[in-house]
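These are my notes from one sitting with the structure.

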Number of protein chains: 2
Amino acid sequence: MPITDRRTLLQAAAALPLATAGASVALADAAPAPAAAPAKPAPAKGVTRALAHYIVTASYDDLPANVRKEGVRTLLNWVGVAIGGSRHQTVDIAVSALAPFSGPQQASLFGRRERFDIMNAAFINGVSSHIFDYDDTHLKTIIHPAGPVASAILALSEMQPVSGKDFLNALVLGVETECRIGNSVYPNHYDVGWHITGTAGVFGSAAAVGKLLKLNEQQMVWALGLAASQPVGLRESFGSMNKSFNPGRAASNGIFAAMLASKNFTSSDEMIEAKRGWANTISTKQDYNEILGDLGKRYEAALNTYKPFACGIVMHPAIDAAIQLRNENKLTADQIDHVDLKVHPLVLELTGKKTPHEGLEGKFSIYHAVAVALVEGAGGEKQFSDRAVNDPTIVALRGKVNPVITPGIKPEQVDLTVVLKDGRQLHRYIEHAVGSVEVPMTDKQLEVKFTDLADGILPAPAIRRVMDACWNVEGLSDAAEIAKMSVSA
Amino acid sequence: MPITDRRTLLQAAAALPLATAGASVALADAAPAPAAAPAKPAPAKGVTRALAHYIVTASYDDLPANVRKEGVRTLLNWVGVAIGGSRHQTVDIAVSALAPFSGPQQASLFGRRERFDIMNAAFINGVSSHIFDYDDTHLKTIIHPAGPVASAILALSEMQPVSGKDFLNALVLGVETECRIGNSVYPNHYDVGWHITGTAGVFGSAAAVGKLLKLNEQQMVWALGLAASQPVGLRESFGSMNKSFNPGRAASNGIFAAMLASKNFTSSDEMIEAKRGWANTISTKQDYNEILGDLGKRYEAALNTYKPFACGIVMHPAIDAAIQLRNENKLTADQIDHVDLKVHPLVLELTGKKTPHEGLEGKFSIYHAVAVALVEGAGGEKQFSDRAVNDPTIVALRGKVNPVITPGIKPEQVDLTVVLKDGRQLHRYIEHAVGSVEVPMTDKQLEVKFTDLADGILPAPAIRRVMDACWNVEGLSDAAEIAKMSVSA
């Protein structure tokens with residue numbers, strides 16, 4: 001092929017061997033400047049390194065009490081959803097597909113009997129924990145923080161001894177890393193189509209695993225760089241098993257990155273902020289202050305929330321409103337003429353499926369969610385089963401649910417009116433649904449959720465023991481106890 | 001490949017409609033639209049499924065002879081570079097980091113003694129094959145096609161029996177898949193910062209592995225979807241070990257995707273073309289005709305090229321000229337008074353280092369490259385070693401190399417004159433260097449390159465046996481022979 005333009009040649013030249021940093025810079029400098037390029041702020045410098053420095057130096061003793069407490073709640077909630085999802089067909093398939101390739105039996109599969117190497121175990125546990133879309137949420141970014149991080153370090157804790165305090169510190173740092181990196185590119189990065197839990201999550205896993213591996217600063221820089229090279233997940237996969245795949249793969253990719261970095265497998269020193277690094281390549285927005293601002297003072301990890309309902313949080317206000325009206329008025333389906341909801345555009349964008357045929361699809365249907373909440377007064381996993389989405393009463397009612405995009409309604413709000421056949425109108429406005437930062441689930445509610453999820457998988461005394469171990473993680477001399485007691489007999 | 005065929009292909013490609021940035025092409029509307037009123041293209045439909053259908057139905061017997069031949073050359077070149085890179089520190093580190101997690105010893109590491117599970121083996125072999133940046137290139141996209149694909153299916157062939165014909169068919173289909181997907185988003189996708197070998201490559205690996213696993217069409221759709229969820233690599237990593245990481249991880253991610261899909265782990269049916277699918281999320285350009293146009297007729301896999309010299313292509317014309325004059329005139333260094341080269345400005349911009357001290361620096365020195373080519377008649381990895389750049393004869397001669405930027409000389413050209421002490425002037429003009437599409441490396445030249453790379457790693461008789469097995473891949477009843485005979489004793 002004739003090399004007819006400068007760019008082609010430069011791109012070919014970029015395929016040069018493992019080069020010195022100076023040579024790489026020369027290549028970048030040689031690129032032709034775009035015509036009439038808009039003035040740009042000076043390039044960011046040192047973002048990756050400053051973040052790495054923070055991760056390798058931050059200690060458990062630095063954590064404020066509220067951050068520690070939220071870290072513990074993050075852990076307990078994650079263990080519950082991981083056990084709860086462990087018998088799903090998605091997990092059976094993953095176990096069956098990966099068993100022939102697993103390394104030594106280093107780590108437990110939550111809620112099951114098999115043991116896999118830590119990377120495959122982290123993947124499978126990450127899948128389990130997201131199956132029901134019932135896990136935790138960092139509301140500013142819609143990242144589900146624990147999936148990529150807890151999956152990774154719970155597996156690692158079975159391979160090398162980790163104290164409970166060090167474990168909790170790593171969990172918080174991993175969550176902090178992924179949420180801050182998520183903030184830096186949200187919403188543009190998410191809007192275009194990335195599943196941000198998988199793209200930011202791999203940094204969280206790498207950071208947390210790297211922390212427990214005691215990487216030095218340079219190695220942590222490389223771990224973050226190798227993590228940046230492995231983003232996971234597209235929103236188009238929502239509604240398929242591929243959605244749960246994403247936090248699982250983020251967890252295993254993060255371990256992969258950290259393990260290579262621990263042996264000095266190199267990357268760039270500026271993979272997050274460089275011109276052709278992660279943020280510029282994967283997003284049209286980059287706000288590095290979100291990554292580095294007030295490190296060790298402002299904690300995104302303290303803002304984690306837990307789902308009271310087994311579906312995407314955009315539907316939670318509507319479910320909350322529907323359950324409240326149903327219970328207060330002892331409503332039955334045959335009384336209802338129709339339901340009007342004023343919603344934020346994201347509700348229809350994410351959960352606009354009108355005729356779900358399977359339980360999983362029901363999680364992406366605001367129509368089903370409102371109908372089942374009115375009929376059954378709940379929004380747990382059973383309400384998003386194949387049984388529920390095909391229940392004739394619920395199917396009939398969902399056809400009468402009318403969500404309308406309404407200016408002024410925020411994503412966390414809903415304005416819901418149930419119009420009865422007798423002409424009455426029952427109205428409920430939700431400013432913050434239960435499970436939000438403002439109306440958090442109580443510790444007791446988290447235990448009820450955990451127990452419901454683990455019921456039928458672990459015996460009741462085992463469920464109690466696991467929950468106690470999670471609440472007491474800071475007192476454990478060996479954090480591996482949590483994983484070891486979370487397996488099926 | 002003959003130039004006439006190449007032109008035919010280019011004309012065919014040029015006849016395809018071009019996509020507009022940010023828009024999708026309706027495949028149904030692929031015929032030229034009426035001149036008036038340019039209608040906004042409808043969303044693309046069925047791209048992933050149509051590609052999957054092609055992959056699962058295309059057979060070895062469908063392959064034209066020239067495509068089969070180029071597939072064999074692709075294989076032989078890859079095996080050579082994988083063996084050649086196998087003793088590099090980068091590979092030692094990867095082996096050391098991953099050994100504790102490897103599953104059963106299913107697959108060989110080329111040029112080494114260890115055996116890993118097929119996913120980890122594919123990763124490591126993919127890293128080895130890209131270490132020297134000496135592998136193959138699809139010049140339209142700068143994808144290095146074999147890395148992700150050959151790494152994956154050579155490992156797989158050791159786990160399940162694969163005939164040589166089926167192996168070659170899978171190799172071609174994998175290369176075809178990744179290059180077509182690469183074409184669909186190039187150059188925008190590459191320009192913004194993605195390492196396209198790793199992002200498109202994972203599709204190639206998934207397609208080739210899925211083909212050998214005999215996935216049905218729906219499973220292949222899911223395999224491509226899970227591949228789409230795992231893009232690898234950013235250009236910022238160029239110049240670090242992370243660059244070689246990318247084709248390796250693309251290979252293992254593709255296996256991961258195909259293995260899960262083989263057990264019916266689901267994804268979306270439209271992961272490539274959906275609004276929030278791969279192409280729209282990862283690129284501002286989407287041209288689906290590049291993916292589906294003339295499937296089974298136009299073969300990107302026939303356009304693969306191989307580097308004859310272990311350095312960036314800007315120096316290739318000069319090295320080619322120098323070797324030709326040396327060999328034709330049996331030149332020795334002491335005969336040479338000086339060397340004049342007329343070159344394009346990029347040659348000095350990218351490779352203007354006058355006094356390299358280490359082998360790696362030699363790859364950025366046109367002075368060294370010409371001198372070593374005149375002295376040793378080659379431009380392989382050994383000519384860019386610490387030994388070569390410090391050889392007194394070569395050091396003396398490089399001081400007599402005078403590159404002059406000359407208007408009218410294109411980047412792919414050189415005009416080189418060796419002036420001898422006896423007054424004679426030896427002149428050679430290169431229009432296209434060896435290794436280009438126009439002047440492809442001969443089979444013999446590929447063997448010389450292979451032998452040079454494998455020398456010191458495999459004994460000479462073993463090198464001969466491996467090359468013969470590659471040339472004869474279509475006659476092998478078990479393709480695993482290639483990997484098994486490529487290991488160190």
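I count two residues as in contact if their C-beta atoms, placed from the backbone, lie within 7 Å. The model is predicted, so local features need pLDDT of at least 70 and side-chain atom pairs count only at pLDDT 80 or more, while totals for chains, interfaces and linings use all residues. Residues are numbered from 1 along each chain as its sequence is written, and chains are lettered from A and ligands numbered from 1 in the order in which they are written.

**Entry 1: the interface.** I looked up the contact and found 73 residues from chain B and 68 residues from chain A. Helices here are DSSP runs of H or I with at least four residues, strands are runs of E with at least two, and both are numbered from the N terminus. On the side of chain B that touches chain A, the elements giving two or more residues include α4 (89-98), α5 (118-130) and α12 (241-262) of chain B. The largest share, nine residues, comes from α12(B). I then sorted that side of chain B by class and got 36 nonpolar, 24 polar and 13 charged residues. For this, Ala, Val, Leu, Ile, Met, Phe, Trp, Tyr, Cys and Pro count as nonpolar, Asp, Glu, Lys and Arg as charged, and the others, Gly among them, as polar.

**Entry 2: symmetry.** I superposed the copies by least squares on the C-alpha atoms of residues with pLDDT of at least 70 in both. Chain B goes onto chain A with an RMSD of 2.8 Å, by a turn of 174° and a shift of 1.1 Å along the axis. The two copies are thus related as by a two-fold rotation axis. Among the residues of chain B, the C-alpha of G103(B) comes closest to that axis, at 2.1 Å.

Entry 3: I call a residue buried if 20 or more other C-beta atoms lie within 10 Å of its own, exposed if 12 or fewer, and partly exposed in between, with C-beta atoms placed from the backbone. For helix α6 (residues 146-157) of chain B, 12 of its 12 residues are buried. The expected span of a helix is 1.5 Å times one less than its number of residues. The 12 residues of α6(B) should therefore span 16 Å, and the end C-alpha atoms are 15 Å apart, which agrees. In α7(B), 20 of its 22 residues are buried.

I153(B) is one of the buried residues of α6(B). Beyond four places in sequence, I153(B) has contacts that include F167(B), A170(B) and L171(B).

Entry 4: I found a cis peptide bond between Y186(A) and P187(A), with omega about 10°. Another joins Y186(B) and P187(B), with omega about 5°. P187(B) sits in the loop between α7 and α8 of chain B.

Which residues other than glycine have a positive phi? I noted K214(A), near 55°, and I142(B), near 60°. K214(A) counts as exposed because it has 12 C-beta neighbours inside 10 Å. I142(B) is buried, with 21 other C-beta atoms within 10 Å. I142(B) lies in the loop between β3 (136-138) and α6 of chain B.
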